[in-house]
Amino acid sequence: MMIKKAELRKNMYFDSVTLMSLTGKIREMEGVIDAVVSMATEMNKDLLKSVGLFTEEMEGAGPSDLLLAVSSEKQEVVEEAYKMIHELLSPKKKVQGKGAEVIPESVEEAVDLIPEANVAVLSVPGAYAAREARKALENGLHVMIFSDNMSLEEERELKEMGRDKGLLVMGPDCGTSFISGTGLCFANDVRRGGIGIVGASGTGLQEVMVQIHHLGEGVSHGIGTGGRDLHEKIGGIMMLQGIEALNSDPDTKVLLLVSKPPAKSIADKIFETIKKIEKPVVVCFLDGEPVEGLPEHVHFAKGLYEGAELAVSLLQPEKEKKVLLSGFDPKPYSDLLSEKQTDLRGLYCGGTLCAEGLSILRDALGPVKSNVAKKSEEKLTDGVKTKGHVLLDLGEDEYTNGKPHPMIEPSLRNEHILREAAKEETGVILLDFELGYGSHDEAVEVTLKAIEKAKILAEKDDRHLVFVAYVLGTDLDKQDYHLQKRLLREHGILVFDSNKEAALAAAMIMKKAV
């Protein structure tokens with residue numbers, strides 16, 4: 001018998017990252033069938049209806065109200081889950097004095113409590129994000145907006161306001177920044193150094209930062225712009241402002257720009273700006289083409305690894321370049337695949353890593369389908385039924401509506417691993433794992449359970465699956481970078497040091513097999 005419990009808490013707001021993380025923890029509890037801890041947006045109410053946990057009381061709830069729902073076959077499991085929810089969501093006691101933990105309830109209160117603060121990080125329902133960002137700017141704060149669902153008109157207005165005040169407006173839908181050595185939202189712990197980055201993509205910014213770290217250099221600042229900044233209606237305001245800020249920063253010696261190719265009118269503005277600055281600039285527009293007639297201090301990189309490597313070489317020209325996949329022999333792994341195993345499947349948590357993988361694999365293997373593809377002939381229409389080589393960004397809205405992002409809750413990818421493993425044509429499964437702030441503490445451990453089940457599933461059908469992985473992280477990250485890689489290798493999974501190497505290795509195995 002199914003036991004269900006659902007509650008509505010009026011006027012109790014929590015940010016989406018906290019609620020996504022909490023939902024993931026509750027779903028991991030033994031005996032829990034489903035759980036939803038979220039704000040009462042229309043989308044989340046529809047989610048509750050779809051899983052049979054909606055109540056009449058919730059009908060009139062709004063986005064500032066909190067929804068709680070748990071289902072299990074055992075009453076004691078439901079009660080234990082609710083106990084955990086209440087403990088984790090209980091407001092901390094407000095006390096005075098040094099070291100006290102205080103929970104401000106508005107931007108104004110936060111400013112009063114921490115007058116020396118200069119950055120506000122906002123994660124509120126999209127309908128309120130512009131209002132709160134405006135308050136922060138009026139109080140002289142730089143703003144990072146994790147929230148999405150803001151209109152283009154509101155975004156442009158906020159960025160123009162920030163520019164006029166000399167303040168950064170990072171976002172909306174900005175998942176990563178690294179300001180003066182502090183990572184914001186999803187970010188890795190990297191050493192400080194002379195390379196300043198402006199990035200319009202979250203995992204793209206993370207990837208170049210960790211590769212710079214691995215190559216022995218460091219980052220002065222990593223400024224996230226939000227994914228729509230280079231849209232014609234926004235005009236690249238934050239990208240241009242970030243370039244000017246880093247050019248004026250004495251700690252920044254080299255600039256690195258990371259994005260998917262912008263609209264031509266925006267690209268022209270960017271190139272006109274970087275022509276005038278004195279510092280070396282590396283432009284990494286994924287799949288973009290070099291522009292003729294630019295001065296010698298402007299350099300182009302096709303991919304994320306190349307961008308990081310080129311930026312490092314400008315500071316350390318004597319540094320010897322790493323030979324990618326040195327000594328790697330794909331044949332032993334290709335030989336394990338049958339004639340029917342002709343397809344590669346990439347199941348990504350990072351959207352920009354998926355886009356870079358698509359760029360690499362189309363060149364190496366030929367036609368590849370993906371939900372992040374821009375070309376119509378590559379655009380994926382059905383991630384379940386499509387045959388051939390397929391890359392999925394599981395962080396896209398189609399997979400995360402009403403659910404945590406897979407970087408927060410990696411178990412959401414497990415069902416996709418098992419589904420792809422069941423297909424007789426699947427030969428190689430390519431996975432990424434993101435470490436750092438905001439990401440799950442045990443992403444590898446959670447995923448290994450599904451990988452082992454997938455291997456057993458294939459073996460019963462006289463097939464062997466080859467798993468290829470990349471761990472995005474550094475030795476400074478809290479999840480123990482070297483341990484995560486070792487765990488994967490101990491389970492027979494091929495692990496590489498960059499997203500590029502993992503994609504190339506997967507392609508080499510697949511090419512040898514067909």
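Predicted model: local features only at pLDDT ≥ 70, side-chain atom pairs only at ≥ 80, totals over all residues.
## Cavity lining, helix contacts and a sheet

Reader: Which residues line the largest cavity?

Author: The lining consists of C349, P406, M407, P410, R413, D432, F433, E434 and A443. Strand β17 (residues 426–434) supplies the largest share, three residues. A cavity is a set of points on a 1 Å grid over the protein atoms alone where a 1.4 Å probe fits but cannot get out, and lining residues have an atom within 4 Å of a point. Strands (E, at least two residues) and helices (H or I, at least four) are DSSP runs, numbered from the N terminus.

Reader: What is its volume?

Author: The largest cavity has a volume of about 50 Å³, the space filled by probe spheres set on grid points joined across faces, edges and corners.

Reader: Turning to helices, at what angle do α7 and α12 cross?

Author: The axes of α7 (residues 202–214) and α12 (residues 351–365) cross at roughly 75° and come within 6 Å. Axes are lines fitted to C-alpha atoms, for helices over the stretch in contact, and angles run from 0 to 180 degrees between N-to-C directions. The two helices are therefore roughly perpendicular (65 to 115 degrees).

Reader: Which residues make that contact?

Author: G202, T203, G204 and E207 of α7 meet G351, T352 and L353 of α12; contact means heavy atoms within 4.5 Å. By class these are one nonpolar, five polar and one charged.

Reader: And in what order do the strands of the open sheet stand?

Author: The order of the three strands is β1-β3-β2, with antiparallel pairing. β1 (3–9) and β2 (32–39) are at the edges with a single partner strand each, so one side of each has no neighbour in the sheet. Two strands pair if DSSP finds at least two bridges between them.

Reader: How many bridges join β2 and β3?

Author: β2 and β3 (residues 66–72) pair over seven bridges. S38 stands opposite L67 in β3.

Notes
Residues numbered from 1 in each chain as written. Heavy atoms only, no water. Parallel < 35°, antiparallel > 145°, perpendicular 65-115°, else oblique. Nonpolar A, V, L, I, M, F, W, Y, C, P; charged D, E, K, R; others polar. 1 Å grid on protein atoms, 1.4 Å probe; cavity = no way out; pocket = protein on both sides within 12 Å on 5 of 7 lines; lining within 4 Å.
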